[in-house]
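Here is a short note for your first look at this model. Keep the structure open while you read.

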Amino acid sequence: MVRIGTPVRQILEECGGFQGDLAKVIFGGPMTGVSQYSLDVPVIKGTSGFLFLSRDEIDRKEAISCIRCSRCINACPVNIMPNMIGLYSEKERFDLAKKYDPFDCIECGSCSYVCPSKIPLLHLIRLAKLKLS
């Protein structure tokens, strides 16, 4: 447990540092956590944990076009179509993405996790929500 406002850098140093090449810091869990771009980010009230990942632990494969496998649809616990929201978000057609109910998404990250094309569907759904709100 740490005080609110403590920089992540200080917490990492207190824990003995990071062995290897630090590539990514995530606040929260691996599925729905939010990537941070600096170790100087402070802990806030809602911070539940940290993930410190090395370059070897990150899946660096480039996203390819959707292969229409429907794994994201089958994995979705609220039965929306993440592939369609993602497709229209990429094309900045948020008016069309709205038809697929992006606000029903609970942001569990299952769609992104199962996607064989490595499409960041959760990020695209979050973008649609942001643009439509």
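The points below cover the nonpolar cores, then a pocket.

1. Ground rules. This is a predicted model, where local features need pLDDT of at least 70, side-chain atom pairs count only at pLDDT 80 or more, and totals for chains, interfaces and linings use all residues. Residues are numbered from 1 along each chain as its sequence is written, and side-chain values use heavy atoms, with hydrogens and water left out.

2. The main core. A nonpolar core is a set of buried Ala, Val, Leu, Ile, Met, Phe, Trp, Tyr and Cys residues joined through side-chain atoms within 4.5 Å; buried means under 20% relative accessible area (1.4 Å probe, protein chains only). The largest one has 17 residues, and Ile85 and Leu121 have the most contacts inside it. Helix 3, helix 4 (94-97) and helix 6 each give two or more residues to this core. Helix 6 gives the most, with 5 residues. Helices here are DSSP runs (H or I, at least four residues), numbered from the N terminus.

3. Leu121. Which residues does Leu121 touch, not counting those up to four places away in sequence? They are Cys72, Pro82, Asn83, Gly86, Cys111, Ser112 and Cys115. Contact means heavy atoms within 4.5 Å.

4. Another core. A second, separate core has 5 residues, including Val8, Leu12, Phe27 and Leu39.

5. Who lines the second largest pocket? Its lining divides into 11 nonpolar, 5 polar and 2 charged residues. Nonpolar here means Ala, Val, Leu, Ile, Met, Phe, Trp, Tyr, Cys and Pro; charged means Asp, Glu, Lys and Arg; the others, Gly among them, are polar. Helix 3 supplies the largest share of the lining, 4 residues. A pocket is an open set of points on a 1 Å grid over the protein atoms alone, where a 1.4 Å probe fits, with protein on both sides within 12 Å along at least five of seven lines; lining residues have an atom within 4 Å of a point.

Terms used
Buried means under 20% relative accessible area, exposed over 50%, partly exposed in between (1.4 Å probe, protein chains only).
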